[in-house]
Amino acid sequence: MPFRAGPLLGRAVELGRLAAAVGLEGADGGSVVLSGDAGIGKSRLVARLVADASERGWRTAVGHCVGQAGSALAYLPFVELVTALEAQAPEIVAQVAALHPALGHLLPILGRPDVPGTGTEPAGVAAAIHALLSALGADRPILAVIEDVHWADHSSRDLLTVLLTRGFPTPVGLVVSYRSDDLHRRHPLHETLAVWARVDGVGHLELEGLADATVRELVTTLDGAHLEAGVAGEIARRAQGNPFFAEQLAASAGAGRGLTGDLTRVLRARVEALPDEAQLVVAAVAVGGHGIGHELLARVVDLPDHRLEEAVGAAVEHHVLETSWPPAYTFRHALLRESVTDSLLPGERLRLHRAYAAVLAEHPRLGPVAELARHAAAVGDLPTAVTASRAAARAALAVGGPQDALGHLERALCWLDEDDPARDEVTVTAAEAALLAGDPVRAVGLLRDRLDHPGRAQPRRTRADLLARYALGSRILDLPHDPLALTAEALDLVGPEPSERRVRVLTARLQALVDCGGAAEIAEVTARTEEVTRLAEELRLPRAAAEVRAILIRLVERRHDLVAVEDQLEALLAQTPDDEPVRVRVLHRLGSVRLRRGDLGAALTTYDDGARVAERLHLDLAPFGLECRLLAGLVAYQLGDWDGALRRWDLGDRRLPEMTRRYFLGSRLAVATGRGEPVGPEVLAELRAAWRVDGVTAVYSVTAIDLLGQEGRVTDALDLAEDILATLDGLWGPREHIAIRLAALVAGQSARAARGADARLRRRMLELTTTLLERAESLVVSPETDVESWAWLARTRAEALRLRWLLGRPAPDAATVTAEALVAAWSASVAAFERYGEVFEVARSQAGLAAARHAAGDDVGARATVESARQVARRLGARPLLAELDGILPSAVSLRDAPDLTAREVEVLGLVARGLSNGQIGRQLFISTKTVSVHVSNVLAKLGAASRTEAAAIAHDRNLIP
């Protein structure tokens, strides 16, 4: 079997161990036995080792054992090995053959030996092979590989034992590989492996499965693969670390389709080789699910104990099933189970499901209640399935598994009739589970669906509860809804009787009134507050009382008395038990107040506390717990701890709902942009797809203005800014302070690209910047009540002034823009961000200040400011900022006359000056060759250079690059 081509991913450690075992680094040789399941990547790993050895000047040769050859072809892998070596070194092979005639039996081209007694006796052949490899190693190091020795004939196994035991006096590397999952109890290689295990100096390497992240990378780098992230993740889940399985699944065009023919044949061949009763047991385990206990299996298949044990033993021995303790059975690989399940006839499946349902109903201790639900549904017993699914959901929620609970409850909804009164309660519980799982879109959708399809006899109080929950859930997102109308209808339906449901409806009404905040609504707040507080106390609902207090604190915050708000939140926090979920909401609100006050250190501590409480209470993906984690990362980013931010935003391989995944995707965009890391267009496209559902994703997209500007796509950056502004105006109105940051970024990227832009684009830059600056100025902010917005407003003013200065346009008051005015504006921006404490933005404003000081003739001050900013940029790994800083003090031109290269263009120019080709530049910067070509063309145009050589000369002359 030839070596498989393809990328070698996730095997750096194993490759290093293999190379060390054969002495590749020191060219001193060595032997190693390599094992692993079929498809795990042994051949690909060995192929890389062989390639590496060849590059180092080693002679290499490979021999393969063949499964279909039978035992008649003795020494088959060595015939292949010696043939390959004779083609590489015929003189050495001929010399050894003259001394060891038995070698001729492995290489007929040398002729059959006629010396009596030589024949093909194992001792003679072993001596010949050992002598040949030793002689070749004396000439130059050699790597010999024998693949798939689980198929080796007896003579080949004995010969390998001799070679491994003797070792070699010259640099000879020997690799022997076999499939561990092919070794049943009576396999002849077992005895040989026991001997090899005792040989001193022989290495042993068991190849394990790849990590899921590596499998995802593998299937998305295959030729012709165009897999979405979700499909790649599902393939990784099913492949369980086996690269061959993963590639076959990818070839079948995604996880939603069946197995490919090649993979099916590989999997079924192992099962079809089993005895009939073993196949019956395997089928039962396949239908049963994961981890079938021995007693449950015995009751389902109904075989005598000794025959059941024999059947199970055969399946385990042939590596179809695996055992665990307490006694239970599962498939060695999930795809084996899938293959067996697919091959069953409908009647066979039905009978097995019926047997499982009967046994689990009678003996519930033998399996989880979710399995009873699954088997009952499969045989049409829907009442039992619904009851079992609800019980399974309760159990999942009790141990912090909202995703699992949601799955159980949604299956129950599929089985419940629309008029079934239980459907309301199941819907409410499912919506709660969806919120806990971090999927507010799903939660609101479940409630909306039940409100729109209530059945024929939905109770009024039940509908009131659904309306209140829908109003509260919808405020998390930006879906169209009327909270005042919803809660008014809920109040009409719930009835005046004291109840927990009325408290919930009143709380929703109070939240709607505070959110809307008109005079009429505020007037109603007092009456509703008195009633809900009284009811919560009467019904002993402390959580509801705490939620009401948290809602009312928002009214104090609107008066911009942040100190009073902080005091009230701290008091409420002190009165809230550690295990009370409302504590997460209070910590979230307290962190946000401290953030607005500009106390970033205290805000970070508070958000981290909220995230820890949420995780302890299994609320880490619920709205307030999720936001605590996201905002903690944001504050860490602002404080200059970018790695700490990424740690907070890293959820590992957790499977997240789509919206939650977008939140973390958008958060990480800030660090990627700041560091100049490649970001694919699909990231922004995915965020944009959620704008209308949740405006927060539009806020995350603001960072992409810098990203597009760094790539030289200024027109796209301006288009994006206008789209974001229109979206947020439609969702939140024109008073949101994010418009100030938006204005600063637009003005900044416009200024960086102004000198290379045509007249039409310059006009658009100036008009949009002016419009956004006017919007920013209209949002009255104070350095006392909103330190962050004040800093961004100062930055916007400085960027807008720089743009006008570069374009030679006067300020709005018709005054000429001077370098001194630029210095003053940028000094104000630096001071504002220093007061707020956002480390990176201080450095970026320092870059603007340094350029202004240089323009004003203060190169000493400019140089000191550049060095201060450079220290921060280096620590953060902010390559675009470093490139900007390196171009601030050109030796031969002033700032006004310097070509306005973007950060990315400066990087490209530096690599052009080093003599790199477009392809080499693309690989170094992780961008396409076509994109590099566009950047090079822009650089040549801006410099007025006719060639790359001239551009490099200009860059060095003007000190445009480091």
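In the predicted model, the axes of helix α18 (residues 382–398) and helix α19 (residues 402–415) approach to within 8 Å and cross at roughly 165°; axes are lines fitted to C-alpha atoms, for helices over the stretch in contact, and angles run from 0 to 180 degrees between N-to-C directions. Helices (H or I, at least four residues) and strands (E, at least two) are DSSP runs, numbered from the N terminus. The helices α18 and α19 are therefore roughly antiparallel to each other, a term applied to angles over 145 degrees. The crossing of α18 past α19 is left-handed, that is, the near helix is turned anticlockwise from the far one by less than a right angle. On the α18 side, L382, A385, V386, S389, A392, A393, A396 and L397 meet P402, D404, A405, H408, L409, A412 and W415 of α19, contact being defined as heavy atoms within 4.5 Å.

Residues are numbered from 1 along each chain as its sequence is written. Local features need pLDDT of at least 70, side-chain atom pairs count only at pLDDT 80 or more, totals for chains, interfaces and linings use all residues, and side-chain values use heavy atoms, with hydrogens and water left out.

Helix α33 (residues 681–688) has V683, L684, E686 and L687 buried, meaning under 20% relative accessible area (1.4 Å probe, protein chains only). Viewed down the axis of α33, the buried residues fall within an arc of 160°, so they line one face of the helix; the arc is that of the directions from the helix axis to the C-beta atoms. The cover over these buried residues includes α32 (658–675), α34 (695–701), α35 (704–710) and α36 (714–732).

Strand β8 (residues 328–331) pairs in the antiparallel sense with β6 (residues 292–293) over 2 bridges, where pairing requires that DSSP find at least two bridges between the strands. In this pair, G293 has A328 of β8 as its bridge partner. Strand β7 (residues 321–324) is also antiparallel to β8, and 4 bridges join them. E322 stands opposite T330 in β8, and a hairpin of 3 residues connects β7 to β8. From β8, A328 and T330 point one way and Y329 and F331 the other way, and all are buried.

Most residues other than glycine have a negative phi. A27, in the loop between α1 (12–21) and β1 (30–36), has a positive phi of about 55° although it is not a glycine. At 30% relative accessibility, A27 counts as partly exposed, the class between under 20% and over 50%. H618, in the loop between α29 (600–616) and α30 (623–638), has a positive phi of about 60° and is not a glycine. With 37% relative accessibility, H618 counts as partly exposed.

Definitions and conventions. Parallel < 35°, antiparallel > 145°, perpendicular 65-115°, else oblique.
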